[in-house]
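The sequence and model are shown first.

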Amino acid sequence: RTGKATGMSRRTFAIGAVGACALVGLGGAKYLPSKTLLRPPGGQDEAHLVSGCLHCEKCREVCPKNAIAPGHIEHGVLNARTPRMNFKGGWCDFCEMEPGGPKCIAACPTHALEEVDSAQVIIGKAVLNRDWCLAAKGMGCHECVDACQYEALDLGADHVPIVDTEACNGCGACEFVCISLSAGSITAGATDRAIIVVPIEEAGE
């Protein structure tokens with residue numbers, strides 16, 4: 001049964017690859033993956049996930065925190081309908097209170113999401129935009145610091161949150177609770193929350 005499912009996923013991957021080549025030939029290169037998406041626990045091996053994912057969205061359906069969403073075509077043709085983390089809708093607690101670990105991994109029929117040690121998983125890293133942060137504007141906000149369960153956030157001497165990148169596992173709780181956008185037009189020009197989780201390779205930029 002598992003072998004059959006894997007065969008289907010390889011066929012899906014092959015079709016996607018052919019489609020990608022066709023898009024390039026037609027000037028559709030902008031639809032190809034341009035960067036790594038934030039993946040659910042067990043999906044950190046990008047090649048393994050993309051080649052094994054059946055786009056069934058079972059991982060999204062079982063997520064108790066509503067933190068998983070399907071990728072869209074603008075994320076790249078091979079990423080379309082593959083699972084990505086959406087910390088606007090929820091955050092990941094790695095199903096610490098669930099028997100058997102992350103439910104998304106247990107629900108994956110092809111093991112595109114691999115069995116992992118949840119304590120070792122790093123989904124991404126949180127980054128703070130001080131220009132959009134309410135705390136940096138003297139508003140006294142520390143919602144993100146309060147939400148972090150991994151001691152990866154603290155208030156600096158100027159009372160602005162500081163991210164400890166070594167402790168951060170990208171759970172997204174800080175992004176989920178950030179109120180910088182919902183607090184009205186306090187920060188002109190803001191297009192996202194003041195603290196967001198990004199792929200590890202982007203965190204140092």
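**The largest cavity and its surroundings**

The strand β1 gives the most to the lining of the largest cavity, with three residues. The model is predicted, so local features are reported only at pLDDT of at least 70 and side-chain atom pairs only at pLDDT 80 or more, while totals for chains, interfaces and linings use all residues. Residues are numbered from 1 along each chain as its sequence is written, and side-chain values use heavy atoms, with hydrogens and water left out.

Q: How is a cavity defined, and how many of 30 Å³ or more does the structure hold?

A: On a 1 Å grid over the protein atoms alone, a cavity is a set of points where a 1.4 Å probe fits but cannot get out, and lining residues have an atom within 4 Å of a point. Grid points are joined across faces, edges and corners, and a volume is the space filled by probe spheres set on the points. Four cavities of 30 Å³ or more are present here. The largest cavity has a volume of about 130 Å³. It is lined by 20 residues, of which C53, C56, E57, C59 and P83 are the closest to its centre. Two or more lining residues come from each of α2, α3 and β1.

Q: What is the make-up by class of the lining of the largest cavity?

A: Ala, Val, Leu, Ile, Met, Phe, Trp, Tyr, Cys and Pro count as nonpolar, Asp, Glu, Lys and Arg as charged, and the others, Gly among them, as polar. By these classes, the lining of the largest cavity has 13 nonpolar, four polar and three charged residues.

Q: How are the elements of the chain assigned, and in which order do they run?

A: Helices (H or I, at least four residues) and strands (E, at least two) are DSSP runs, numbered from the N terminus. The chain has six helices and six strands. Their order from the N terminus is α-α-α-β-β-α-β-α-β-β-α-β.

Q: What does it mean to call a residue buried, and what percentage of the residues in the chain is buried?

A: Buried means under 20% relative accessible area, exposed over 50%, and partly exposed in between (1.4 Å probe, protein chains only). Buried residues make up 40% of the 205 residues in the chain.

Q: What is a salt bridge, and how many does the structure hold?

A: A salt bridge is a side-chain nitrogen of Lys or Arg within 4 Å of a carboxyl oxygen of Asp or Glu. The structure holds six. One of them joins the side chains of R39 and E46, at 2.7 Å from N to O. R39 is buried because its relative accessible area is 2%, whereas E46, at 22%, counts as partly exposed.

Q: Which parts of the chain does the salt bridge between R81 and E57 tie together?

A: The closest N and O atoms of R81 and E57 are 3.6 Å apart. R81 lies in the loop between β1 (68-70) and β2, and E57 in the loop between α2 (46-52) and α3 (58-62), so the pair ties together parts that are 24 residues apart in sequence. R81 is partly exposed, with a relative accessible area of 44%, while E57, at 19%, counts as buried.

Q: Where do D192 and K88 lie in the chain?

A: The side chains of D192 and K88 meet in a salt bridge of 3.3 Å, N to O. D192 is in the loop between α6 (173-177) and β6 (195-198) and K88 in the loop between β2 and α4, 104 residues apart, so that the pair links distant parts of the chain. K88 is partly exposed, with a relative accessible area of 36%. Salt bridges that share partners also join E57, R60 and R81 into one network.

Q: How is a contact defined, and which residues does G89 touch beyond four places away in sequence?

A: Contact means heavy atoms within 4.5 Å. Leaving aside residues up to four places away in sequence, G89 touches K65, N66 and F176. G89 lies in the loop between β2 (83-85) and α4 (103-107) and is partly exposed, with a relative accessible area of 34%.

How values were computed
1 Å grid on protein atoms, 1.4 Å probe; cavity = no way out; pocket = protein on both sides within 12 Å on 5 of 7 lines; lining within 4 Å.
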